[in-house]
Amino acid sequence: MKITRRSLIASASASAILSPAALRAQDSEPTVHEVEMLNRDPDTGDIMVFRPAVIKVSPGDTVRFVATDRGHNSEAFDDAVPEGVEAWKGNINEEFEITLDTEGAYGYHCTPHLSAGMVGIILVGDNVDNLDALRDVRVRGRASARWEDYIARAEEMMAETAS
Ligand SMILES: [Cu+2]
């Protein structure tokens, strides 16, 4: 079998995931939320997007960025993660997982496509005190309209779960 870069990545991520038997042995399976990295959203037609771009998860959940299309990654904004949390940076073209234990809002982008508006927000838990601070993140051009839109969507999600 010819070892391609793709198969190497696939086997590396497969080995990082517990077998079904091991998962059953655990008290509770970790919840994994998938976010696709896309050149074009097939539903909206938007170019350079994370899908879904705004998600709400529980503390301890894992978010998996899936390299559906090539040329993308996920990089957290240094000033858009809860205090004391280290920003992540995934590699281009590779699936990337991050487990989020700390409650709060996490803003991220695709490194090469920030100016194209490839940004996203993850809400963890019910106390996202830093959500408003995401407005201060330096996002310009086409990205700034999406960023504002996503922050508004995140605020709606929080309002829904609070009621
Ligand atoms: Cu990208």
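Leaving aside neighbours within four places in sequence, which residues is W88 in contact with? They are F65, S74, E75, A76, F96, I98, L100, Y106, Y108 and I122; contact means heavy atoms within 4.5 Å. This is a predicted model: local features need pLDDT of at least 70, side-chain atom pairs count only at pLDDT 80 or more, and totals for chains, interfaces and linings use all residues. Residues are numbered from 1 along each chain as its sequence is written, and side-chain values use heavy atoms, with hydrogens and water left out.

**Copper site**
- H72 (ND1), C110 (SG), H113 (ND1) and M118 (SD) coordinate the copper ion at 2.0 to 2.7 Å. Donors are N, O and S atoms within 2.8 Å of the metal (3.2 Å for Na, K and Ca).
- The 4 donor atoms subtend angles of 87 to 134 degrees, which makes the arrangement tetrahedral (all angles between 85 and 135 degrees).
- Along the chain, the donor spacing is H-x37-C-x2-H-x4-M.
- Both C110 and M118 are buried (under 20% relative accessible area, 1.4 Å probe, protein chains only).

**Nonpolar core**
- The largest nonpolar core has 21 residues. Such a core is a set of buried Ala, Val, Leu, Ile, Met, Phe, Trp, Tyr and Cys residues joined through side-chain atoms within 4.5 Å.
- F50, V63, F65, W88, L100 and I122 have the most contacts inside this core.

**Helix α3**
- Residues 142-162 form α3, a DSSP run of H or I with at least four residues.
- Its buried residues are A143, R146, W147, Y150, I151, A154 and M158.
- On the other side of α3, A145 and E160 are exposed (over 50%).

How values were computed. Helix = DSSP H or I, 4+ residues; strand = E, 2+ residues; numbered from the N terminus. Expected span 1.5 Å × (residues − 1). Tetrahedral: all angles 85-135°; square planar, octahedral: opposite > 155°, others 65-115°.
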